[in-house]
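Me: I have a model open and would like to talk it through slowly. Could you help me read it?

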Amino acid sequence: ETGVTQTPRHLVMGMTNKKSLKCEQHLGHNAMYWYKQSAKKPLELMFVYSLEERVENNSVPSRFSPECPNSSHLFLHLHTLQPEDSALYLCASSQEGLGRETQYFGPGTRLLVL
Amino acid sequence: AQSVTQLDSHVSVSEGTPVLLRCNYSSSYSPSLFWYVQHPNKGLQLLLKYTSAATLVKGINGFEAEFKKSETSFHLTKPSAHMSDAAEYFCVVITGGSYIPTFGRGTSLIVHP
């Protein structure tokens, strides 16, 4: 495996379900990110982790709960989502999380909430 | 504060003709600027970035961009479009000292044979 991988690639869930998205980076980076990409809207940064510590929570509803057990893995736990949460969720990583760095993106998880 | 405006939601060119994707930014000081490309069903990939070195930045696949502070622009160009360039392109700004990027809405590049 190389780069940044995300599983599952597609997910359909009901509003009462609980599911988790997984991201893994094989680049030896120390920072990881979750983004939301909705149709017709700019990418929205959701969470930033640097050295497994959350450094940014960009006003994200509590129905989204991130977890970063180590610098290679990042999870996004989902519960009681709304239809408007349907989107492509992208994970990214960078060397240190210092802003001016290149971010390396995974292919995303396309989420549909019914 | 920072913001970025991609002036065209769609750009259509013929294969072999030049490409121009426009981006204007606003940043309180010392911005870093990036262009990313996203092909269908793929994640974003860095094309090039400006971080206060040379103002003309060369990237992958023949793309380049010029940082113009006086015009607050960072337009992306390529001399000759290829069919494989058809994708969504995003301009990104990060203000110095911040780690929060601001993405533009994207420009869809369509390449006709």
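**The cysteine links**

Reply: The link of A:Cys23 and A:Cys91 is left-handed, with -75 degrees about the S-S bond, where a disulfide is a pair of cysteine sulfur atoms within 2.5 Å. This is a predicted model, in which local features need pLDDT of at least 70, side-chain atom pairs count only at pLDDT 80 or more, and totals for chains, interfaces and linings use all residues. Residues are numbered from 1 along each chain as its sequence is written, chains are lettered from A and ligands numbered from 1 in the order in which they are written, and side-chain values use heavy atoms, leaving out hydrogens and water.

Me: How many disulfides are there over all chains?

Reply: There are two over all chains, and the other joins B:Cys23 to B:Cys91, with 2.0 Å from S to S. The torsion about that S-S bond is about -70 degrees, so this disulfide is left-handed.

Me: And are B:Cys23 and B:Cys91 buried or exposed?

Reply: Both B:Cys23 and B:Cys91 are buried, where buried means under 20% relative accessible area, exposed over 50%, and partly exposed in between, with a 1.4 Å probe and protein chains only.

Me: What about A:Cys68?

Reply: A:Cys68 is in no disulfide, and the nearest cysteine sulfur, that of A:Cys91, is 9.1 Å away. A:Cys68 counts as buried because its relative accessibility is 11%.

Me: New topic: which residues have the most contacts inside the largest nonpolar core?

Reply: They are B:Trp35, B:Leu48, B:Phe74, B:Leu76 and B:Tyr89, in a core of 26 residues. A nonpolar core is a set of buried Ala, Val, Leu, Ile, Met, Phe, Trp, Tyr and Cys residues joined through side-chain atoms within 4.5 Å.
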